[in-house]
Amino acid sequence: MTSPSNAPARGGGIAVFLTVAFAVTWAVWTPILIQAQTDGLERMPWTFFLASIGPLCGAVAAAAWEGGRRGLVEWARTTFSVRFRWVWWAAGIGMPLAYFVIAWLAVFFVTGGWPDAAGFGLTEKLPGLAWPVVAAVWVLTFGLGEEAGWRGWLLPALTRRVSAFWAALIVAAVWIVWHAPAFFFNPTYTAMGAGIVGWMLALVCGSYLLAWMTLGARGSIVPVLLWHAGFDLLTAADQSAGIIASTISAIVMVQGVLCAWLLWRRRHTGRRFVATVAERGSSVEHRSLRDAIDDIPRTP
């Protein structure tokens, strides 16, 4: 007789994840959308940031659905692990710093002057907050809220079925659709016009870059959480519209194309991973992922 701790995984985790992630975020964003379309928004309400927990809620619900308490604990242990090589700490922190330097140099070469240092990181979405506080908000909302779901749960769940290359592409598609309500009330998106297509392409490239980082960190989202928050701090700032945001997005697109190529070369990894998971069940899902990751080169 199979004990509960060794019971096979219950199916339907992806459906649970998507349902909860979209339901939570869209339920919180819908009133903002309605207000924006009727009376307009004087400023972005705090619930805009609260909605970012949708993917996190989806991950918790799906992990518990598939593996119960043990599955949830195993998911959290791997997703928030800090037991990975130092190079991924450097990547999570160093890449946003490099983006900052390159983008500010780009502003200087194009305009002949530096951006206003006093405006660094500041956004009208969080009025009156100094940039360190703004950075903390990005980490705890769209950093943690999104990455715990997209790379923390959905990416490894998909690699049980397809290679990491295709999994990253699917995650990007889900990620884009998840943002849909914000296209109609978030000034960052409404001001893009046709440029939203470029934003989508950048997001696809970003999905490949972050998938590479997650795999390199052996399933931990800590490096990508830091990266995501740093990226938002730099590109969502009011002074970033234009040269800064465009420069950083271009860099991420180049990185994403490179990472997509690397994952394409190793696309057999996900197929070996799914066989292991099918035999051993969801309670070892992330251990199986770590085993599969060992076949991926650590650096480009």
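Reply: Start with contacts, meaning heavy atoms within 4.5 Å. Among contacts between residues at least 6 apart in sequence, 78% join residues at least 24 apart. This is a predicted model: local features need pLDDT of at least 70, side-chain atom pairs count only at pLDDT 80 or more, and totals for chains, interfaces and linings use all residues. Residues are numbered from 1 along each chain as its sequence is written, and side-chain values use heavy atoms, with hydrogens and water left out.

Me: What is the mean pLDDT of the protein, and how many of its residues reach 70 or more?

Reply: The mean is 86, and 86% of the residues reach 70 or more. pLDDT is the predictor's confidence in each residue, from 0 to 100. Over residues 1-7 it is below 50, and this stretch has four contacts beyond near neighbours in sequence. It also stays under 50 over residues 270-300, for which the model has 69 contacts beyond four places in sequence.

Me: What makes a run a helix or a strand here?

Reply: Both are DSSP runs, numbered from the N terminus: helices are H or I with at least four residues, strands E with at least two. By that rule the protein has twelve helices and zero strands.

Me: What share of the protein is called buried?

Reply: Buried residues make up 49% of the 300 residues.

Me: What makes a set of points a pocket?

Reply: On a 1 Å grid over the protein atoms alone, a pocket is an open set with protein on both sides within 12 Å along at least five of seven lines. A cavity is a set where a 1.4 Å probe fits but cannot get out. Lining residues have an atom within 4 Å of a point. The largest pocket has a volume of about 950 Å³. Its lining has 38 residues, with Thr188, Tyr189, Met192, Trp199 and Thr235 nearest the centre.

Me: How does the lining of the second largest pocket divide?

Reply: Into twelve nonpolar, two polar and no charged residues. Ile93, Pro96, Leu97, Gly230 and Leu233 lie closest to its centre. Ala, Val, Leu, Ile, Met, Phe, Trp, Tyr, Cys and Pro count as nonpolar, Asp, Glu, Lys and Arg as charged, and the others, Gly among them, as polar.

How values were computed:
Buried < 20%, exposed > 50% of the residue type's maximum accessible area, 1.4 Å probe, protein only. Points joined across faces, edges and corners; volume = space filled by probe spheres on them.
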